[in-house]
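Subject: Structure for your review

Dear colleague,

Please find the structure below, followed by an account of what was found in it. I would be grateful if you read the two side by side.

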Amino acid sequence: MSVVPTQSHGTSTGTGDPASLDRMLPRNREAELSVLGSMAMSKDISAECQDIISDGDYYWPIHGTIHSTILDLQARGLPSDPIQLTEELHNRGELTRIGGPSYLHGLLQAVDSPAMAPHHAKIIRKHAILRRLIEAGIKITQLGYNAEGDVDELVAAAAAELARVVEGVRVDDDFLTPEETLEHTLDMIDDAKNGKGLSGLSTGFADLDSLTGGLQPAQLVIVAARPAMGKSTFAMDLVRACSVKHDIPAAFISLEMGIDELNMRLLSAEAKVGLHKIRNGTVTDEDWTSMARAVPKISQAPIHINESAQTLHQIQAKIRRLKAKNPRLGLVVIDYLQLITLGGRRTDNRQQEVAEISRSLKLLAKELQVPIVALSQLNRGPEQRTDKRPVVSDLRESGSIEQDADIVCLLHRDDAYEKESPRAGEVDLIIGKHRNGPTATITVANQLHYSRFVDMAVTA
């Protein structure tokens, strides 16, 4: 059998002797040769191995080339023996690079038993993961030494490197049958029928919970409105329902308001003391008593507020760290989407930036299995129409946001446009998009003087 030709393996440490470090990388030549020889012999073996490894998992790139060529031939209904492989690789101009016909014939000699190929493929996969882990470690080390950029952005970049290793380890494409999954589904249906709770996190609004089943893990929920409609108030209502009422950790990433302002809103909503009185210092002794009763509930609630994150990387890093510290993290709120930047990276098109941000938030929700609620501005469309009610297309940079969102909730108040409106004190939650359910308009009561919304049936 010919020797594997000398070649680059695409891994560099940036320090020390590259050749000696390269020889230390995990690999198993015998396993790679055995798998390729077995795949060349049998289409069934190829199918089994294909479920375990891909052409990028081989240490020697020529083995990846042979792997993909075998699968191409078999997909076209052709044999994948050394003669056919030689012909195919010759036509592609790859034959000399992979070592010639003798190397391909030598693959068959490396096979002790084709039945062992799946086991050998797992060995290849293990070594591939270890190499990626080493490469990620080297990149993270270089990030630390170079120290270019904000620390949170560096941490986010490091987390992204490790996430790429993890993505390579996961097996997300396994097929499941109803026999394996239906019992759990029936249990969920039975729990819902018997009132044992929502399938997701309660929003604190009965009709909204009934429509959505609660906020679900991995969802991206967009709450959008024109300025002064109450987006932040509604978002804080969701946080209070999560953390104050149900003792589930929640994160509030504020790019607009400071922590003191958010604390004032929490106090106003929980103590039912006018927000304007708290702000201007006209609280009475009775108000102080009400706030004193509310303080323990707020202080003990697992609400995590951050006002320092501004870039996408910073937000990702802080949420990932919070999730690692608090595995029960049940909700993330970001106020608001259009204020997020890409940090040092700039594009000429803000719509492209927002598209990257919204897609990244959706992927983060999926990665952490936590609903993320992102507040968003609407354009001036509603104000330019006779009917002021917003629609999904009024979202700024609406295309990407609408595509990535699982739910789009638009806030509308008639009394914001018509002071003598017969619907004064009412707020419409317009569910303009609902990926897994119906759309509808839900009306709740506006108690903005207490910095909160409540169900229409709630009067106190």
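Helices (H or I, at least four residues) and strands (E, at least two) are DSSP runs, numbered from the N terminus. This is a predicted model, in which local features need pLDDT of at least 70 and side-chain atom pairs count only at pLDDT 80 or more, while totals for chains, interfaces and linings use all residues. Residues are numbered from 1 along each chain as its sequence is written, and side-chain values use heavy atoms, with hydrogens and water left out.

Salt bridges

The structure holds 21 salt bridges, each being a side-chain nitrogen of Lys or Arg within 4 Å of a carboxyl oxygen of Asp or Glu. One of them joins Lys139 to Glu135, with the closest N and O atoms 3.7 Å apart. Because these two residues are 4 residues apart in helix H7, about one helical turn separates Lys139 from Glu135. Lys139 is partly exposed, at 35% relative accessibility, and Glu135 is partly exposed at 26%. Here buried means under 20% relative accessible area, exposed over 50%, and partly exposed in between (1.4 Å probe, protein chains only).

Glu270 and Arg240 also meet in a salt bridge, at 2.6 Å from N to O. Glu270 lies in helix H12 (residues 259–271) and Arg240 in helix H11, so the pair ties together parts that are 30 residues apart in sequence. Both Glu270 and Arg240 are buried.

Nonpolar cores

A nonpolar core is a set of buried Ala, Val, Leu, Ile, Met, Phe, Trp, Tyr and Cys residues joined through side-chain atoms within 4.5 Å. The largest has 44 residues, and Phe234 is among those that touch the most other members. Helix H11 (residues 231–245) gives the most to this core, with 6 residues. Apart from this core lies another, of 34 residues, including Ala309 and Val354.

Contact means heavy atoms within 4.5 Å. Leaving aside residues up to four places away in sequence, Phe234 touches Phe205, Leu208, Val223, Cys409, Leu411, Leu429 and Phe453.

Gln219 is placed in the loop between helix H10 (206–212) and strand E1 (220–225). Gln219 is buried, with a relative accessible area of 5%. With residues up to four places away in sequence not counted, the contacts of Gln219 include Lys362, Val370, Asp406 and Asn436.

Yours sincerely
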